[in-house]
Amino acid sequence: MKLPEMKTLTIFGIITALLLIGLAIYTIEDLPAYGDENSPANKHIKLFSIEDRGYAKELNESILPIEIKNKIEELGFNKKENYPPLDEGNYEIEWVEKGTLEGPWLYSEDGWNVLIKEGELFYHEPIKYYFIAEVDGNLSVYRYNWPVRVMELTEEETGMGNAVTSGLADYRGYDTMGEETVILTGAIGVILLLRRRGKL
Amino acid sequence: MTPERRVYKRDVIIDVTAKLMFPLTLLFGLYVMIGTGGTGGGFQGGTILATAFILYITVFGTKTGREKMPESTNTFFSSFGLFLYNGAGWLAVLFTFGAAQWLNMSAFWPVADYVGTAGARSFLVSYMVSVGIGLTVMASFVSQYFDLAWKEEDEMEEGGEG
């Protein structure tokens with residue numbers, strides 16, 4: 001049996017199809033599960049460390065210690081810079097245990113979540129904003145928040161100065177490739193439906 | 001030899017404008033497409049590149065337009081763009097024997113030792129990823145436009161004869 005002669009141009013199409021098939025298998029094998037603690041959206045940025053002078057007790061009583069509050073606001077996360085204010089009544093504090101899964105968040109360490117309450121100017125529902133964990137007798141204050149994190153860590157993580165490009169081609173690389181495939185598939189569909197035979 | 005098929009009468013202004021705008025639009029499309037520092041990206045740049053060809057085809061007809069963008073080039077570009085993007089991602093996996101993840105571009109590029117991770121990564125994203133997206137988008141849109149224009153021409157022909 002003789003195989004039909006292959007054009008040089010078809011090789012690129014075949015390799016692309018093979019790579020896509022390989023990518024599908026690789027994605028199933030390699031992509032982290034939903035709720036992965038190390039995925040960019042679930043990581044938090046460390047702000048500072050502070051010596052524990054009875055703050056843990058205050059945090060357990062749902063009060064944000066004034067020293068921590070002042071230090072956060074000194075770093076620039078205050079009302080002047082359009083960050084939600086940490087006045088009493090604006091926030092909620094809840095204790096989370098290591099390994100618990102709540103929504104898409106899997107906690108990799110014990111700590112207190114600082115939630116900004118409903119009715120706030122910025123958000124319609126309580127949102128996790130700060131995270132305080134105890135490390136060797138010191139309290140470490142972290143900050144979550146996905147858009148803020150992208151703005152601050154994009155250069156360090158992706159090595160690119162443009163946050164939009166890093167989002168398009170780095171954090172969401174799989175998504176962009178899928179979009180491109182959709183466009184190519186659409187063109188192939190139009191070719192199959194409308195093109196008459198013998199007309200190129 | 002069949003006469004050139006056009007919907008409207010030959011007009012000097014339209015012809016000259018289309019001829020002048022064609023290379024300039026291509027240049028602008030490349031400017032939008034390439035580079036991580038500016039606005040835009042692959043999708044937008046590819047669409048602008050496609051509009052240049054669509055303008056040309058609209059003014060000079062599908063037959064002359066096909067000479068500017070032959071069938072072989074069109075098919076080649078539509079799969080080659082995806083090939084570039086996909087290949088850039090796979091190179092990272094293959095060069096490190098699976099240690100780096102797909103599209104983790106800083107991991108493998110040998111130039112990173114000389115120009116730094118940021119330079120190598122921006123180079124890869126701006127040239128391989130963006131140009132890959134742009135080529136696929138351009139070729140797909142031009143191919144769809146050709147198909148639709150041909151369908152209309154065929155219908156006009158059938159209606160005229162029958």
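Which residue of β7(A) does A:Tyr130 stand opposite? In this pair of strands, A:Tyr130 faces A:Arg143.

The model is predicted: local features need pLDDT of at least 70, side-chain atom pairs count only at pLDDT 80 or more, and totals for chains, interfaces and linings use all residues. Residues are numbered from 1 along each chain as its sequence is written, and chains are lettered from A and ligands numbered from 1 in the order in which they are written.

**View 1. Strands β6 and β7 of chain A.** Strand β6 (residues 127-135) and strand β7 (residues 138-143) of chain A pair in the antiparallel sense over six bridges. Strands are DSSP runs of E with at least two residues, helices are runs of H or I with at least four residues, and both are numbered from the N terminus. Two strands count as paired if DSSP finds at least two bridges between them.

**View 2. The open sheet of chain A.** Five strands of chain A, in the order β1-β7-β6-β5-β2, form an open sheet with antiparallel pairing. Its edge strands, β1 (45-51) and β2 (91-96) of chain A, each pair on one side only. On average, neighbouring strands of this sheet are turned by 25° against each other, direction ignored. Helix α3 (residues 66-74) of chain A lies across β1 and β7 of chain A and runs at about 140° to β1(A). Axes are lines fitted to C-alpha atoms, for helices over the stretch in contact, and angles run from 0 to 180 degrees between N-to-C directions.

View 3. Chain B has four helices and zero strands. Helix α2 (residues 42-68) of chain B has 27 residues, but its end C-alpha atoms are only 22 Å apart, short of the 39 Å that a straight helix would reach at 1.5 Å a residue. The expected span is 1.5 Å times one less than the number of residues. At B:Gly61, α2(B) bends by about 135°, the angle between axes fitted to the seven residues ending there and the seven starting there.

**View 4. Contacts of chain A with chain B.** In this view, 33 residues of chain A are in contact with 38 residues of chain B (C-beta atoms, placed from the backbone, within 7 Å). Elements giving two or more residues to this side of chain A are α1 (8-30), α5 (163-171) and α6 (173-194) of chain A. The largest share, eleven residues, comes from α6(A).

Definitions and conventions
Two residues are in contact if their C-beta atoms, placed from the backbone, lie within 7 Å.
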